[in-house]
Amino acid sequence: MPKALDSYDYIRPPHLSEDQVRGLWNTLADANALLHEIVLLRQKNPSSALISAMISARAPDGSAIGPGAVVRHSLSLIGAGYDTTATLLAHLVLHFTRNPD
């Protein structure tokens, strides 16, 4: 009978130890917390940076991108490869040009 699967069978590459995987998740959580602090800071003190542009962007109905979405988009930009980042930036520019307000 095969061994029952646990959560580490799904997320742990064989070349990484359980401690290494836990460390990577902690690093991601730290990055998420740092970006959340930056977003809150930029809400109070906007700049010309992309995070401020995402915070100030509005949908046609006037709704804003929430802080959590800004953090997720920022993590995507940081963690994605070149092609993904270039495509995401192109979509952001297209969105902002179609919705300048």
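Start with a colouring by pLDDT, which is the predictor's confidence in each residue, from 0 to 100. The protein chain averages a pLDDT of 82, and 87% of its residues score at least 70. This is a predicted model, where local features need pLDDT of at least 70, side-chain atom pairs count only at pLDDT 80 or more, and totals for chains, interfaces and linings use all residues. Residues are numbered from 1 along each chain as its sequence is written, and side-chain values use heavy atoms, with hydrogens and water left out.

**Stop 1: the whole chain**

Switch to a cartoon view. Reading from the N terminus, the pattern is α-α-α-α-α.

Now select residues 7-11, helix H1: among the elements, H1 has the lowest mean pLDDT, 51. Where pLDDT is low, the predicted coordinates should not be read in detail. Jump to residues 50-56 for helix H3, which has the highest mean pLDDT, 91.

**Stop 2: the core**

Colour by accessibility next. Buried means under 20% relative accessible area, exposed over 50%, and partly exposed in between (1.4 Å probe, protein chains only). Of the 101 residues in the chain, 16% are buried.

Which residues form the largest nonpolar core? Select Leu35, Val39, Ile51, Met54, Ile55, Val70 and Val71, and you have its seven residues. A nonpolar core here is a set of buried Ala, Val, Leu, Ile, Met, Phe, Trp, Tyr and Cys residues joined through side-chain atoms within 4.5 Å. Helix H2 (18-44), H3 and helix H4 (67-79) each give at least two residues to this core. The largest share, three residues, comes from H3.

Zoom in on Ile51. Leaving out residues up to four places away in sequence, Ile51 touches Leu35, Ile38, Val39, Arg42, Val70 and Ser74. Contact means heavy atoms within 4.5 Å.

One of those partners, Ser74, is worth a click. Ser74 sits in helix H4 and is buried, with a relative accessible area of 4%. Setting aside neighbours within four places in sequence, Ser74 is in contact with Leu35, Ile51 and Met54.

**Stop 3**

Two packed helices are described by the angle between their axes and the distance between the axes. Axes are lines fitted to C-alpha atoms, for helices over the stretch in contact, and angles run from 0 to 180 degrees between N-to-C directions.

(Angles under 35 degrees count as roughly parallel, over 145 as roughly antiparallel, 65 to 115 as roughly perpendicular and the rest as oblique.) To see the contact, pick residues of H2 including Leu28, Ala31 and Asn32, and residues of H4 including Pro67, Leu75 and Ile78.

While you're in H2, click Ala33. At 38% relative accessibility, Ala33 is partly exposed. Try the distance tool from Ala33 to Val71: they are 38 residues apart in sequence and 8.9 Å apart in space, C-alpha to C-alpha.

**Stop 4: Leu50 and the last pair**

Go back to H3 and select Leu50. Is Leu50 buried or partly exposed? At 33% relative accessibility, Leu50 counts as partly exposed. Beyond residues up to four places away in sequence, Leu50 touches Leu77, Leu89 and Leu92.

Finish with H4 and helix H5 (residues 82-98), whose axes come within 8 Å and cross at roughly 140°.

Technical notes:
Helix = DSSP H or I, 4+ residues; strand = E, 2+ residues; numbered from the N terminus.
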